[in-house]
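Trainee: Can you take me through this one? I have the files open.

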Amino acid sequence: MSSFSLLSELEESLKSGSPEKRVHMLRRVTDVLLRDADRLNEQQIRVFDDVLVHLIQRVETKALADLSTSLAPVNNAPIEVIRRLSRHDELAVAGPVLAQSNRLSKEDLIDVARTKSQGHLLIMSGRPSLPAPVTDVLIERGDMQVHKTLARNPGTQFSEHGFAALVKKSEGDDELAERLGLRLDIPLHLLRQLLARATDLVRSRLLAATPPENEEKIHRALASIADEVGQEAVRPRDFAQADNDVTELNRRGKLNEATLVGFATQREYEKMTATLALFCGVKSKLIERLLQKVRHDGLIVACKAAKLSWPTVELILKSRFSHHLMSDEELRVARDDFLELSQASAQRTIRFMQVQETAKKAC
């Protein structure tokens, strides 16, 4: 029986055939399509497409899943059938074509990424090739599993915006940070950001696992970070102007915790330091010394004495001159220490610190 006589038979039976007969016919036409695919032109493929679109609306999920598996690797599979299968709610149906089919356009993939489940997004993120506009949507809507799959997929293309979003999401997730750091296409300035936030364990793993062609890039990024951290931590600072500015703000009733948060967020270190010092009733140089220490103990005391809330304290801890990158565990310990410390005890301790600081200068 020829392909077109079979298609005619299918069209005749669409209205009268039983569900079992429709499934049987679906399998028959799929077999003919797969057998003749290499010889069919696009116009002939469209004939199959028209009939199959009507037929797949009347068959069970199992048959649709089989059809998806069969058509997914076919380079000239019927386009409309592929599009409809890709949008099916059942992953067994949508999965094969989302993972493989080259008949899905960029616009098709973006539509699926914007509207379907995390399961759909996860399957899509492993496609052999993903253009950056699709990847951007997958990063925006996807969960951490999607992000990690994208990061390890060599066929994924990232926009700079997409890379930047993943670098931000990798903070606190060593696995994602490591996968991103091993990509050859990550821009150098974003690699530096990634490594600056990464734990020592991730840095050592990256250096051990990175391919030779990316090794120099990672070494340059690490060297640049080390230089910046050293210069930032030790360069001399003049707090006279900052002290004057915050004193004036305080006189006008415009200095409060929200102002301090603004200074920390904008990386205005001198004003942040001067404000915290004023809140504690100590000199800015003492707060500067506490900010430069890797240990958080003294800074926690100052923040408690200043009557700050924990979110503000956390921001200050992350903004220190030492640029020590605190892990989630370190932040948890710091938070517990802060909450357990009484304000009265903190204020006594900070006064004692100031006395010690003054005595050192007198010696």
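Trainee: How many helices and strands are in the protein chain?
Mentor: There are 23 helices and zero strands. Helices (H or I, at least four residues) and strands (E, at least two) are DSSP runs, numbered from the N terminus. This is a predicted model: local features need pLDDT of at least 70, side-chain atom pairs count only at pLDDT 80 or more, and totals for chains, interfaces and linings use all residues. Residues are numbered from 1 along each chain as its sequence is written, and side-chain values use heavy atoms, with hydrogens and water left out.

Trainee: What share of the residues count as buried?
Mentor: 45% of the 363 residues. Buried means under 20% relative accessible area, exposed over 50%, partly exposed in between (1.4 Å probe, protein chains only).

Trainee: Switching to helix α21, which residues are buried there?
Mentor: In α21 (residues 310-318) they are W310, T312, V313, I316 and L317. They sit on the same side of α21, because they cover an arc of only 155 degrees around the axis. The arc is taken from the directions from the helix axis to the C-beta atoms.

Trainee: What do they pack against?
Mentor: The buried residues of α21 pack against α17 (257-265), α18 (269-280), α19 (284-292), α20 (297-305) and α22 (328-340).

Trainee: And E178, buried or exposed?
Mentor: E178 is buried, with a relative accessible area of 19%. E178 lies in helix α12 (residues 174-181).

Trainee: Which residues is E178 in contact with?
Mentor: Leaving aside neighbours within four places in sequence, E178 is in contact with V202, R205 and L206. Contact means heavy atoms within 4.5 Å.
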